[in-house]
Amino acid sequence: MKKILLGAAALIGLAAPASAADLAARPYTKAPPPMVAPIYDWSGVYIGINGGGGSAHKCWDAVNLGGAVVAPPVPMGCHNATGGTVGGQIGYRWQTANWVFGVEAQGNWADFKGSNANLAFDGVQDETKIDAFGLFTGQVGYAWNNVLLYVKGGAAVVRDKYRVFDFATGSTLNDGRETRWGGTVGAGLEFGFAPNWSVGVEYDHLFMGHRDVDFFSTGIVGGPAGTFAGSARIGQDVDIGLVRLNYRWGGPLVAKY
């Protein structure tokens with residue numbers, strides 16, 4: 001019996017190495033690729049829409065009445081013309097490292113309107129309305145991946161309509177209009193929420209200066225309709241706040257290892 005047990009143990013000892021040799025070799029596993037961090041690229045041509053509101057501060061001084069120069073000018077009062085606006089923009093940006101540079105043209109319809117009681121003439125109101133404006137600017141910004149903070153500056157143009165009306169009846173006595181050029185500065189914050197799409201907020205201040213505006217009679221008082229009624233020196237500054245949505249052409253994501 002003892003010899004039988006020793007023989008069985010010897011057979012098991014010989015079989016174990018053979019079984020281990022028959023096992024398949026451990027398969028080779030390729031190392032996983034390194035992680036890729038997507039980097040947002042603000043470069044490219046973009047087009048978008050915007051909407052918001054604004055306020056134009058206006059001060060009027062009479063400098064001419066029916067052809068007679070008024071010196072010194074007589075203050076007629078100030079008011080704020082406020083309302084909403086909607087429009088669009090088109091531009092181009094290029095990015096180098098974290099810095100972003102760009103140029104942009106923007107055009108908006110507007111309904112900024114306001115009036116005040118004329119301080120020089122009883123019973124009449126002076127009214128201003130801005131019905132359109134445009135901005136032509138350059139931009140400098142700094143990007144934190146898909147978040148862009150920028151400042152802008154350049155030229156601005158507004159289209160103004162003016163009228164002097166009878167307070168009791170609302171009838172227009174004199175009116176005038178102009179297209180005025182000035183300067184603008186602004187700042188914005190933009191967020192890239194999807195490939196090629198971004199949304200942001202922007203504030204702009206327009207420096208439109210002072211300008212003499214001619215008024216003409218409607219025929220209710222003074223001379224016939226179209227007769228020169230006088231001139232007012234009108235100063236204006238405009239503040240605008242906008243929400244903007246842009247679509248950009250170009251590769252918005254760059255792989256960085």
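Me: Which residues make the nonpolar surface patch of about 830 Å²?
Reply: This is a predicted model, where local features need pLDDT of at least 70, side-chain atom pairs count only at pLDDT 80 or more, and totals for chains, interfaces and linings use all residues. Residues are numbered from 1 along each chain as its sequence is written, and side-chain values use heavy atoms, with hydrogens and water left out. A nonpolar patch joins Val, Leu, Ile, Met, Phe, Trp and Tyr side chains within 5 Å, from residues with over 30% relative accessible area and no salt bridge; areas come from the Shrake-Rupley method with a 1.4 Å probe, and for residues only the protein chains shown count as cover. The patch is made by W144, L149, L189, F191, F193, W197, V199, V201 and V243.

Me: Which elements give two or more residues to this nonpolar patch?
Reply: Strands here are DSSP runs (E, at least two residues), numbered from the N terminus. F191, one of the patch residues, sits in β7. The elements asked for are β7 (172–194) and β8.

Me: Is F191 buried, partly exposed or exposed?
Reply: Buried means under 20% relative accessible area, exposed over 50%, and partly exposed in between (1.4 Å probe, protein chains only). F191 has 39% relative accessibility, so it counts as partly exposed.

Me: In what order do the eight strands close into a barrel?
Reply: Strands pair if DSSP finds at least two bridges between them. Strand β2 (residues 44–65) runs antiparallel to β9, with 20 bridges joining the two; V45 has W249 of β9 as its bridge partner. The barrel's pairing is antiparallel, in the order β2-β3-β4-β5-β6-β7-β8-β9.

Me: Which residues have the most contacts inside the largest nonpolar core?
Reply: A nonpolar core is a set of buried Ala, Val, Leu, Ile, Met, Phe, Trp, Tyr and Cys residues joined through side-chain atoms within 4.5 Å. The largest has 14 residues, and those with the most contacts inside it are F112, I130, F133, L206, V238 and I240.
At least two core residues come from each of β4 (99–117), β5 (124–144), β6 (147–166), β8 (197–217) and β9 (228–249).

Me: How far apart are the closest N and O atoms of R163 and E127?
Reply: A salt bridge puts a side-chain nitrogen of Lys or Arg within 4 Å of a carboxyl oxygen of Asp or Glu. R163 and E127 form one, with those atoms 2.9 Å apart.

Me: How many residues apart in sequence are the parts that R163 and E127 tie together?
Reply: E127 counts as buried at 12% relative accessibility. R163 lies in β6 and E127 in β5, so the pair ties together parts whose separation in sequence is 36 residues.

Me: Which strand holds K161, the salt-bridge partner of D131?
Reply: The closest N and O atoms of D131 and K161 are 3.4 Å apart. D131 is buried at 11%, whereas K161 is partly exposed at 32%. The two are 30 residues apart, with D131 in β5 and K161 in strand β6.

Me: What is the N to O distance between E178 and R180?
Reply: E178 is buried, with a relative accessible area of 9%. R180 is buried as well, at 1%. Their side chains meet in a salt bridge at 2.6 Å.

Me: Where is A97, a residue with a positive phi?
Reply: A97 is not a glycine, yet its phi is about 55°. A97 is exposed, with a relative accessible area of 65%. Its place is the loop between β3 and β4.

Note on methods. Helix = DSSP H or I, 4+ residues; strand = E, 2+ residues; numbered from the N terminus. Patch = residues over 30% accessible without salt bridge, like charges linked within 9 Å, V, L, I, M, F, W, Y side chains within 5 Å.
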